[in-house]
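Please keep the sequence and the model in view while reading.

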Amino acid sequence: MLTGMAQNDALPGFCTWLDDSNDVTTEMMRLAGKAGMISLAGGLPAPELYPMKAIESATKRALVRWGSRALEYGPITGFPALREAIATRMSEEIGQRIGTDNVLLTAGSMQALDGIGKILIEPGETIIAQHPTYMGALDAWRPRTPHYQQFTWDFEDKGFLAAADRAKFIYTVPNYSNPTGVLVGQQDRRALLALVREKRIWLVEDDPYSCMQLDGNSGPSILALDAADRNEDIYSGPVIYLGTLSKSLAPGFRVGWVVGNPEVIRALTLAKQCTDMTGSMFSQAVALELIEQKVESQMIDGLLSTYRERRNALCAALSTHLGDWFEWEIPSGGMFVWLKAKRADLDTTRLYRVAIEHNVMFCPGSAFDHAGKMHTTMRLNFTRSAPDVLEEGVRRLARAVEDSLSKLASGSSRLAVQ
Ligand SMILES: Cc1ncc(COP(=O)(O)O)c(C=O)c1O
């Protein structure tokens, strides 16, 4: 938190939304690189699986093919050939035509979330969001000072339905949600679609994990369900779909996309104009080569079997070392296991600090709650580390739990709960 941060008396203070912010992500990124630290905190893929050789030759090919065009400023909507390739890819994926006008390329989905905040959220406006909520979305929208109405897939809930009358959009991560790993079933997807159609509001479908189906098949996206009913040449429905190469290829590309109604794409393009003017044409030109060579589909079996093994290793280690204190469900995809403490005094925000002393990191649940509560939950990542490292990380976490509880019992805990 920045509350109380010393500011130079002679200079103006910062905007008040910063008082409600947190630096969990910044700290996670910084400490994850610390020698000896085992980080179960981030949402990071396994770096040893990045297709380095394919990226190297794609880079050379992109430079030969596009020359200086790959190094210039470009259209705000993105490198034209990649924009077309994403329209084709999305059309194939959903079985309905997506036009180029339906696509905006972004610097990862994170930039799309930022743009959505700029075009849809007036200060103080209501957002309906799946709860707990991806912390990047909370971060992106915090400067707009929104109010949140959470929903739990109860379509009879009066508060939820009344909020849908006030809100402009609903935010959901239906495939293996971040942070919980929950897969939203087809019936709930259809119910949500029916609701946004009835209320005439937007639906933001954030979908970085559709490539991470560890057990079974998650079925059509909400965009696919809506587009199938419409059967249009240019999609004009209420779903604003976010895709990314971050989890299937590598996050360093910073290549993502929005598929939506052309009006949404136009508004987001204006929002993007004042963020970065244009994305990286270089990155997008290299990504195009990789997509054309179908590198992701060549990698996917290896990626999934590695992640399946790691998920199983993490869950086995949790049963051995943390089963007395926490409960969880084994996710059928994605990157995370969501833990709930069995004891009300097992505060994971406090545990987070103790765990860092034990050289292990996780993401405290409070980071995914707009109200900063959920103090007895935490998110663990299983994709980044090898099975033996996951096991050691969980062992350290168990020692941190004992340490934290004994400090609490002796009343000696002076750890800042921020
Ligand atoms: C639900 C969700 N949305 C968006 C993002 C941002 O991804 P990107 O790297 O494409 O910006 C993430 C990253 O972890 C995520 O989990």
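Helices (H or I, at least four residues) and strands (E, at least two) are DSSP runs, numbered from the N terminus. Residues are numbered from 1 along each chain as its sequence is written. The model is predicted, so local features need pLDDT of at least 70 and side-chain atom pairs count only at pLDDT 80 or more, whereas totals for chains, interfaces and linings use all residues.

The protein chain contains 13 helices and 13 strands. Its C-alpha trace spans about 65 × 55 × 50 Å along the principal axes. The radius of gyration, taken over C-alpha atoms, is compared with a globule rule of 2.2 Å times the number of residues to the power 0.38. For 418 residues a compact globule would have a value near 22 Å, and the protein chain, with 22 Å, agrees with this. Of the 418 residues, 47% are buried, that is, 20 or more other C-beta atoms, placed from the backbone, lie within 10 Å of their own.

Confidence is expressed as pLDDT, the predictor's confidence in each residue, from 0 to 100. The protein chain averages 93, and 96% of the residues score at least 70. Over residues 413–418, however, pLDDT stays under 50, and the model has 11 contacts beyond four places in sequence for them; a contact requires C-beta atoms, placed from the backbone, within 7 Å. Where pLDDT is low, the predicted coordinates should not be read in detail.

Turning to the ligand, 14 residues surround it, the closest being Gly43, Gly108, Met110, Thr244 and Ser246; a residue is near a molecule if its C-beta atom, placed from the backbone, lies within 6 Å of it. Helix 4 (residues 108–120) gives the most to this shell, with three residues.

An open sheet joins four strands in the order 9-10-13-12, with antiparallel pairing; strands pair if DSSP finds at least two bridges between them. Strand 9 (326–328) and strand 12 (363–364) stand at the edges with a single partner strand each, so one side of each has no neighbour in the sheet. Strand 9 pairs with strand 10 (residues 336–341) over three bridges, and Phe326 stands opposite Ala341 of strand 10. On strand 10, five of the six residues are buried, so the rest of the structure largely encloses this strand. Strand 10 also pairs with strand 13 (residues 377–381), in the antiparallel sense and over five bridges. There, Phe336 has Asn381 of strand 13 as its bridge partner.

Terms used:
A residue is buried if 20 or more other C-beta atoms lie within 10 Å of its own, exposed if 12 or fewer, and partly exposed in between; C-beta atoms are placed from the backbone. Two residues are in contact if their C-beta atoms, placed from the backbone, lie within 7 Å.
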